[in-house]
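Here are my notes on the model you sent over. Have the structure open while you go through the points.

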Amino acid sequence: MLFSLCGVLTCSIIYFTALDLINTVRVKAIIGLDSSVGAEFVAYIASKAHVPILSLSPTHSSISSTQVPYLIRVAQNDSSQVKAIAAIIQAYKFKELSIIHDDSPIGSALVPSLTVALSDVDAQVSNRTILPSMENATIINNSLLKLKSMKSKVFIVHMSPSLAASFFLNVHKQGMMSKGYVWIITTAIADVMSYMEPSVLSSMDGVIGVKTDVPETKSLKKFSIQYQKRFKQNNRKLYRPQPNIHALQAYDVMFLMAMVANKVQPRFNDKNSLSPPANEKENRNVSDLFDNGVSLMGPKLLETILAARFAGLSGEIQFIDGQLKSNTYKIVNLLGGSDRTIGYWTPGVGFSKTLNQNDMQKHYSANDDDLASVTWPGGSKDTPTAITLTVGVPYKTGFVEFMNASHDNYTNSWKVTGFSIDVFENVMYGLPYKYDYVPYQINGAAAGNYSNLTYCVYMKQFDAVVGDVTIVADRSRHVEFSQPYTEPGVRMIIRDENLTNRLWWFLGSWSKDLWFTTIAFFLPTGFCVWIFERGKNSEFQGPLSQQLGKYLSFSFSISVFAHKEQLESNYSRFIVSLWSFAVYILMGCFIANLTSMLTVKNLQIDRVTGFVGYQNGSFVHDLLINDLGYHPSKLVKLSTIDEYASALRNRSLSAIYDEIPYIKVFLARHCSEFTVAGPTYQAGGFGFVFPLESPLVSYVSQRVLEFTERNTKDVEGKWFGTHSYACYDTSQNDNTASSQQLHFYSFRNVFVTVGVASALTLCLSLLLIWYVKVQNKMPVYLIR
């Protein structure tokens, strides 16, 4: 015995009716319950009594089949429908949308699973509008006015057919079925569109719908003819061309139970197949209502139903874990009062233009190429611009190759160009977005620094920020950044002290004080030797001019160990030997340092003394103070490339710190004058700024990675020139060698030793001469 329960009954009536059917009528199965709440309510009782419940509710239930094994869902699960809707959103790259539904249990139950499915394809639900199930034109119009003012023009509608009819008539009156809008309807509306009035359908031109696909079979055609005849006989004033999916599902359920009844005969019609309840008292209290009998044939009946598999009128009938297997959905486009099939969505396959096996033998597809062309609201064939983004851009006077915002006084509009804009528009190509670029300026001057600019996204002043904005941890607390699209890092720019460009470049190995000190020691050493040798050594005698020449030649020939004179005095030999050793040390260090200076292009200097520069508005200012330890009074802000070059040329700045992309641009113009130095300090690179949890971030980041792998150099060449790569050699980053001038201070011990020794030797010689003169009163001659 079968019994059907109508979905309009309240839960309490459904509950007591089900109890009466099980205990009094002793039904073998219950069909109906098109509300998931009602089905779950009765399922506990039926599972206890082993009476199968065949629910026609499409709403996904949170109750598992192990909890209520006798609940069988014979309608397609909403969870498969939401995947089809999400695939449409993904195919046309809509990233932000609104959901509109009624407040009925069926209307609200779909939203959680739909929101999750949309999140899986990086789409964000920016608004959720709930309408009362009972039609209210005022509430509908007020809601539409609110939706009309929103930036996103993509709407998913899920409500009862009667409410949908009134809703879309008002949508059309409000002018929201025009170009730029996107409307997507669920099966709750699409499956019964053929029952709607022509005026309603004509107001829905351009709508995309997800519709349960019903295979066209001979059985369906035969049934449709009989259905129409029967319908006309009973309702002469009404005409319905075809039975809808609900009628077909109901027929398939009845057919299923007929098959099951034949298989489990002869006990199917036995009223004694239900064991009596434990309490057989005539006057039972409320608690006794939960004491039901148990159907003896329930397990067999359940087993037979779940094992059934056949081609029904609504599609293939097969159950998996108590749920009808998900079948194909048809994607339709309404035009001229009728729906046109533009493709199909099948679990595991995704979109396909046909259900041909060759068309479906592929990887999962959520691409609009696998759908026929769509006629959108307003008759447009182009995918509507889902939203117009208000994009903030930096306003700056320097490094305009990255971002240049210029105002046209004639048209009173802004023109925004630059490397960052080209990258952004290449990355966003194909997405249904328009951009309204707004320079961050007040009266022709920057309204703040880059941190202030990014904070405007958090404050919802801008939907995004595009420009040479560096990814910094402090900024990431309020916004999200895409993947960087430039090389990260901060380095130092200094004057290119390439010695070979100067006339006396080889003198650069020593400092001036070392040169003067060395020369100063050559002359006294030669003088001492001349004093010691002139009395006895004939080579140091002769006319004054000859002695002066000998003195000078001997003094400097020591530096290359080229003196030919034979020394007679032990004092001379001692001084020359000591000074030759000092010269050997000095010349060895001179040659080594000169070699290093010629082979090492890049001086790895951690920091410099004096004033240093940074770009105005950059985070580098904080880096110099907090990480590198520079005093704020030593920092000078600059704006343009010319200011950079001028400050380094006139030596008002010892160095300039900036990010690598700016350095490349600077060196492309001044390659021969300046170079990079020091280590590379970590920075995030330039990225695009979006609000927290924006659905665009993951998509843009993926596109940035793809773009930087292929096209970045082409865009860089357009804005910076190809010399930016030649002048900036990133291989210098790992060069840790260092080379600098040698100073007197480094050799002070050598000079002190030689000087003191020479002075003592001279003093000792003079003392001995004085001593001999006193003792012998002889003519004075230098002692050997």
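Is Ser701 buried or exposed?

1. Ser701 is buried, because its relative accessibility is 11%; buried means under 20% relative accessible area, exposed over 50%, and partly exposed in between, with a 1.4 Å probe and protein chains only. The residue sits in helix α21 (residues 696–710). Helices here are DSSP runs of H or I with at least four residues, strands are runs of E with at least two, and both are numbered from the N terminus. Setting aside neighbours within four places in sequence, Ser701 is in contact with Phe481, Ser482 and Gln483, where contact means heavy atoms within 4.5 Å.

2. A word on provenance. This is a predicted model, in which local features need pLDDT of at least 70 and side-chain atom pairs count only at pLDDT 80 or more, while totals for chains, interfaces and linings use all residues. Residues are numbered from 1 along each chain as its sequence is written, and side-chain values use heavy atoms, with hydrogens and water left out.

3. Now the overall picture. The protein has 784 residues, and 48% of them count as buried. It holds 24 helices and 28 strands. Taking contacts with a separation of 6 or more, 70% come from residues 24 or more positions apart.

4. Next, the eight-stranded sheet. It is open, with mixed pairing, and its order is β6-β5-β7-β8-β9-β13-β14-β15; two strands pair if DSSP finds at least two bridges between them. At the edges are β6 (124–131) and β15 (350–352), each pairing on one side only. Ignoring direction, neighbouring strands are turned by 30° against each other on average. Helix α3 (residues 78–91) packs on this sheet and touches β5 (96–102), β7, β8, β9 (208–212), β13 (329–335), β14 (338–346) and β15, with its direction at about 150° to that of β9. For these angles, axes are lines fitted to C-alpha atoms, for helices over the stretch in contact, and values run from 0 to 180 degrees between N-to-C directions. Helix α4 (residues 105–120) lies across β5, β6 and β7, and runs at about 165° to β5.

5. Zoom in on β8 (residues 182–185) within that sheet. Val182 and Ile184 point one way, Trp183 and Ile185 point the other way, and all are buried. Strand β7 (residues 154–158) pairs with β8 in the parallel sense over four bridges. Val157 has Ile185 as its bridge partner in β8.

6. There is also an open sheet of five strands, again with mixed pairing, in the order β25-β24-β26-β23-β27. Strands β25 (635–638) and β27 are its edges, each pairing on one side only. The twist from one strand to the next averages 30°. Helix α18 (residues 620–627) lies across β23, β24 (612–615), β25, β26 (655–659) and β27, running at about 140° to β24. Helix α20 (residues 660–669) lies across β23, β24, β26 and β27, at about 120° to β26.

7. Two of the partners in β27 are Tyr681 for Val490 and Val676 for Ile493.

8. The axes of α10 (residues 245–264) and α11 (residues 298–307) come within 10 Å and cross at roughly 130°. The two helices are therefore oblique to each other; under 35 degrees would be roughly parallel, over 145 roughly antiparallel, 65 to 115 roughly perpendicular, and the rest is oblique. On the α10 side the contact is made by Leu256, Met257, Val260, Lys263 and Val264, and on the α11 side by Lys300, Leu301, Thr304 and Ile305. By class, that gives six nonpolar, one polar and two charged residues, where Ala, Val, Leu, Ile, Met, Phe, Trp, Tyr, Cys and Pro count as nonpolar, Asp, Glu, Lys and Arg as charged, and the others, Gly among them, as polar.

9. Last, a loop residue. Thr66 lies between β3 (53–55) and β4 (71–73), and counts as exposed because its relative accessibility is 70%. Thr66 and Gly322 are 256 residues apart in sequence, yet their C-alpha atoms are 9.6 Å apart in space.
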